[in-house]
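Here is a friendly walk through one protein model and the two ligands that come with it. Have the sequence and the 3D view open as you read.

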Amino acid sequence: MKIGVIGGGAWGTALAQVAAREGQPVRLWAREAEVVASVNERRENALFLSGVPLSSSISATDDLDDLRDCGALLVVAPAQHVRAVLGAVDFGATPLVLCAKGIEAGSRRLVGEVAQEVQPAAPIAVLSGPTFAHEVAAGQPTAVTLACADEALGARLADRIASPAFRPYASTDVIGAEIGGAVKNVLAIACGVVEGARLGQNARAALIARGFAEMTRFGLARGARAETLAGLSGLGDLVLTCSSTSSRNFSLGVGLGEGRSAGELLADRRTVAEGAFTAPVLREAAAEAGVEMPVTEAVCRLLEGAAVREVIAALLSRPLTRER
Ligand SMILES: NC(=O)C1=CN([C@@H]2O[C@H](COP(=O)(O)OP(=O)(O)OC[C@H]3O[C@@H](n4cnc5c(N)ncnc54)[C@H](O)[C@@H]3O)[C@@H](O)[C@H]2O)C=CC1
Ligand SMILES: O=C(CO)COP(=O)(O)O
């Protein structure tokens, strides 16, 4: 099965490298001409994943039509751009594996729901989990959730991309896999704030646990299964991104915690910190579902420019409650 990858950022490139194991052909669509040239001519994505030698069986293109003959497409454009990128060409019944983590602003749709709208004939799967792109590209051991309502298709996709160092675990809970990945980015910003404001490791552990509680409340309200949220794509990814400056979301939070403004931190960056876009739409979606998400609310307020001290004080002065 020839794999196509839509999105030539760090994660799309790392996944192309995974799919190219043992010389299998992979077609990588990138938006930037310099990425296409860099991959085809120098076997490197110098813009988004520099220093990683790429397989010669990856060929890059800037024309989505070149992916029409692929047996499955990994969709790795940032969440807010999936509608525009994926809607540009009709891929018919080619299976789509959504790999972006976020919720679309405005529509409040998960990425899989957006994909289903713009490619209604396509079977949908979601690949998500604790996966820093540079580690995956370097062949370091990694495990992910691969969720697909059609178990047989999920198994075929897993077989195609699995290797000893890259282990997909099957699930049929597409919504659960998506919600974990989207929500953890917002919580990673909060944990970065704790680091930047030097609030200590107790506070970070408390935020991870209470953040997981709110991820679970929201996920269950949207039809996710608890076991998925406690798995690789939920808790697993939450732990990873809430504890490392390799995370762009965590790093954004560190800057906010140090008192810098979101505008300054987000200006001119070429890499994506999805949590900054997901936080406001997650707040809306939570309100719509009647779910309390105080950590998400705090992140929204910080992104809107509220002072760190005030936001922390508001979180800590919430009425004492039962642990649930
Ligand atoms: N980098 C990582 O370690 C991981 C990233 N992801 C997810 O993968 C998705 C893509 O992230 P990365 O590959 O890291 O991106 P990146 O931060 O390395 O690169 C930015 C990407 O955004 C694209 N882009 C910018 N403006 C655009 C526009 N107007 N329309 C379409 N595309 C545009 C660029 O072409 C580029 O592919 C995100 O949802 C991210 O959360 C998931 C797992 C790991
Ligand atoms: O999703 C990721 C790891 O699983 C990457 O996290 P960041 O986008 O915060 O870098």
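The protein is divided into domain 1 (3-172) and domain 2 (175-316), with bounds that come from an automatic or database domain assignment. This is a predicted model, in which local features need pLDDT of at least 70, side-chain atom pairs count only at pLDDT 80 or more, and totals for chains, interfaces and linings use all residues. Residues are numbered from 1 along each chain as its sequence is written, while chains are lettered from A and ligands numbered from 1 in the order in which they are written.

The C-alpha centres of domain 1 and domain 2 lie 24 Å apart. Their contact takes 22 residues from domain 1 and 23 residues from domain 2; two residues are in contact if their C-beta atoms, placed from the backbone, lie within 7 Å. On the side of domain 1 that touches domain 2, the elements giving two or more residues are α4 (111-118), β6, β7 (142-148) and β8 (166-171). Helices (H or I, at least four residues) and strands (E, at least two) are DSSP runs, numbered from the N terminus. β7 gives the most to this side of domain 1, with four residues. By class, this side of domain 1 has 13 nonpolar, seven polar and two charged residues. Here Ala, Val, Leu, Ile, Met, Phe, Trp, Tyr, Cys and Pro count as nonpolar, Asp, Glu, Lys and Arg as charged, and the others, Gly among them, as polar.

The largest nonpolar core has 106 residues, and Val 75 and Val 97 have the most contacts inside it. Such a core is a set of buried Ala, Val, Leu, Ile, Met, Phe, Trp, Tyr and Cys residues joined through C-beta atoms within 7 Å. Helix α7 gives the most to this core, with 13 residues, and the core draws at least three residues from each of domain 1 and domain 2. Val 97 touches, among others, Ala 72, Val 75, Ala 125 and Leu 157, leaving out residues up to four places away in sequence.

## The two ligands

Where does ligand 1 lie? Domain 1 and domain 2 both give residues to the shell around ligand 1, so ligand 1 lies between them. Of the 25 residues around ligand 1, Gly 9, Trp 11, His 81, Ala 100 and Thr 271 come nearest; a residue is near a molecule if its C-beta atom, placed from the backbone, lies within 6 Å of it. Helix α1 gives the most to the shell around ligand 1, with three residues.

Around ligand 2 there are 13 residues, of which Thr 131, Asp 237, Ser 247, Arg 248 and Asn 249 come nearest. The shell around ligand 2 draws at least three residues from each of domain 1 and domain 2. Helices α7 (174-196), α10 and α11 (248-257) each supply at least two residues of this shell, and α10 gives the most, with three residues.

Helix α10 (residues 232-241) is mostly covered, with nine of its ten residues buried. A residue is buried if 20 or more other C-beta atoms lie within 10 Å of its own, exposed if 12 or fewer, and partly exposed in between, with C-beta atoms placed from the backbone. Asp 237 is one of the buried residues in α10.

## Annotated positions

UniProt, in an unreviewed entry, places a "binding site" at Gly 7, Gly 8, Gly 9, Ala 10, Trp 11, Gly 12, Ala 133 and Arg 248. It also lists Lys 101, Gly 129, Thr 131, Lys 184, Asp 237, Ser 247, Arg 248 and Asn 249 for "binding site" (unreviewed entry). UniProt positions are given in the numbering used here, feature names are shortened, and annotations may be inferred rather than shown by experiment.

Gly 8 sits in the loop between β1 (3-6) and α1 (10-19), and Gly 9 is found in the loop between β1 and α1. Gly 8 counts as buried because 28 other C-beta atoms lie within 10 Å. Gly 9 is buried too, with 23 C-beta neighbours inside 10 Å. Beyond four places in sequence, Gly 9 touches Phe 48 and Val 76.

Gly 129 lies in the loop between β6 (124-128) and α5 (133-137) and is buried, with 22 other C-beta atoms within 10 Å. Its contacts beyond four places in sequence include Leu 232, Ser 233, Gly 236 and Asp 237. Arg 248, in helix α11, counts as buried because it has 21 C-beta neighbours inside 10 Å. Not counting residues up to four places away in sequence, Arg 248 touches Thr 271, Val 272 and Ala 273.
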